[in-house]
Amino acid sequence: MAITKISNSGIYGTKYNDIAADNNYFETIAKIVVGSGGSSSVEFTSIPSTFTHLQVRYIAQTNRGTFGVESFKINVGVSSADTGANYTRHYLLGNGDSVAASADTSQTYWEGVNDFGTTTGGTFGAGVIDILDYANTNKYKTMRKFGGVDVNGTVGGVGGSAALVSSVWMSTSAIGYIKIAAMTNTLQQHSHFALYGVK
Amino acid sequence: MAKTGTYTLIEKTTLTSTTRYITFSNIPSSYTDLVLVGFGKNTVAGDNLVYKLNGATSGYSTTRIYGSGSAASSTRWTTSVPVSLVGFVGTEWGNFITHFMNYSNTTTYKTHLTRCNYANDGVAEAVSLYQSTSAISSIEISMSDQSFASGSTFALYGIEAYS
């Protein structure tokens, strides 16, 4: 299945939905499923530089004791985590009641916003993270996340969250390592992270 | 084991007449995630985009953020609704994309993520919960009150994870 059709003619105009990902251009790289007992973080190591973009698709839950949401904390690097003040963040969030937007600079990790569910809320958060042009050694790296958590109302007075989050890792190094954790608590069993490469 | 053929078209349909309901059924459980790509418009006015999963008429909730071009808002629906209210369908051609994450596991409730993109009507993102541990094997797509115009298309893809 290649790009099956791109048409500027006909009654529909450009048919965006026909621009599908080619079956041979979206490949699995690795998968991590958190086992019983949980895990403080998950790591993708030795990521090949042979793709153009990376995508992480996840469902995840932490053992946070209050509220139904918790933010992620992501570090990237060449072969280990860069913990320097080299990360920025922008986010746009809706919690069912209101919307919010904010930005941060010079952070020591990419902080998400309400990305994971919790055992207190009883649900898993889900998200799709794109790391664009990750192997390019001429520019800083842009990352973005689309996702959220729904808790069927509120937990501890806090609702679920639909959010868009972006970050820049201010390094020209190719990314060969990704570490994903929760801001404070532990990732729980059945949390599932799958890494893909896009050619 | 790494796989190269991991983003696969399962089924695609194009409407040849105004249609109220579109259903993908007998969805195989062999993938990790599903991605539904819709391209369509309403025949009368803007309306909610809704899903019914496995034929269930309860157990849905959603948190949504919406931008109209002049203002942003957020809305929450809880399990009082009989369908998954994931977004909206505009009056001009536009698209919506939904990711059904880990749809075939039988341990967790299912979360699906939707984006609706309509240049004339606005943009929305929604996170929706289907409170069932059953694998999702059918998806019924519709609107709250209206129908999809002829020419609307719906494509369902499966994504396999590394194994």
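Reader: How many residues of strand S5 of chain A are buried?

Author: A strand is a DSSP run of E that is at least two residues long, numbered from the N terminus, and buried means under 20% relative accessible area, with over 50% called exposed and the range in between partly exposed (1.4 Å probe, protein chains only). In this predicted model, strand S5 of chain A, residues 72–77, is mostly covered, since five of its six residues are buried. This is a predicted model in which local features need pLDDT of at least 70 and side-chain atom pairs count only at pLDDT 80 or more, while totals for chains, interfaces and linings use all residues. Residues are numbered from 1 along each chain as its sequence is written, chains are lettered from A and ligands numbered from 1 in the order in which they are written, and side-chain values use heavy atoms, with hydrogens and water left out.

Reader: Which strands pair with S5(A)?

Author: Two strands pair if DSSP finds at least two bridges between them. S5(A) pairs in the antiparallel sense with strand S13 of chain A, residues 177–182, over six bridges, and there Ile74(A) stands opposite Ile180(A). S5(A) also pairs in the antiparallel sense with strand S8 of chain A, residues 110–111, over two bridges, where Lys73(A) has Glu111(A) as its bridge partner.

Reader: Which residues touch the most other members of the largest nonpolar core?

Author: A nonpolar core is a set of buried Ala, Val, Leu, Ile, Met, Phe, Trp, Tyr and Cys residues joined through side-chain atoms within 4.5 Å. The largest one here has 33 residues, and those touching the most other members are Phe116(A), Ile178(A), Ile180(A) and Phe193(A). Several strands of chain A each supply at least two residues of this core, including S5 and S13, and S3(A) gives the most, with four residues. A second, separate core has 29 residues, among them Tyr31(B) and Val89(B).

Reader: In what order do the four strands of the open sheet in chain B stand?

Author: The order is S2-S11-S4-S7, with antiparallel pairing. The edge strands, each pairing on one side only, are S2 (22–24) and S7 (84–89) of chain B. Inside the sheet, strand S4 of chain B, residues 47–53, pairs with S7(B) over five bridges, and Val50(B) stands opposite Leu85(B) in S7(B).

Reader: Is Ile65(B) buried or exposed?

Author: Ile65(B), found in strand S5 of chain B, residues 60–67, is buried, with a relative accessible area of 7%. Its C-alpha atom is separated by 9.1 Å from that of Gly87(B), 22 residues apart along the chain.

Reader: Which residues line the largest cavity?

Author: On a 1 Å grid over the protein atoms alone, a cavity is a set of points where a 1.4 Å probe fits but cannot get out, a pocket is an open set with protein on both sides within 12 Å along at least five of seven lines, and lining residues have an atom within 4 Å of a point. The structure holds one cavity of 30 Å³ or more, and the lining of the largest cavity includes Ile59(A), Phe124(A), Met101(B) and Lys110(B).

Reader: Which residues lie closest to the centre of the second largest pocket?

Author: Of the 18 residues that line the second largest pocket, the closest to its centre are Lys31(A), His192(A), Thr32(B), Asn102(B) and Asn105(B).

Note on methods:
Grid points are joined across faces, edges and corners, and a volume is the space filled by probe spheres set on the points.
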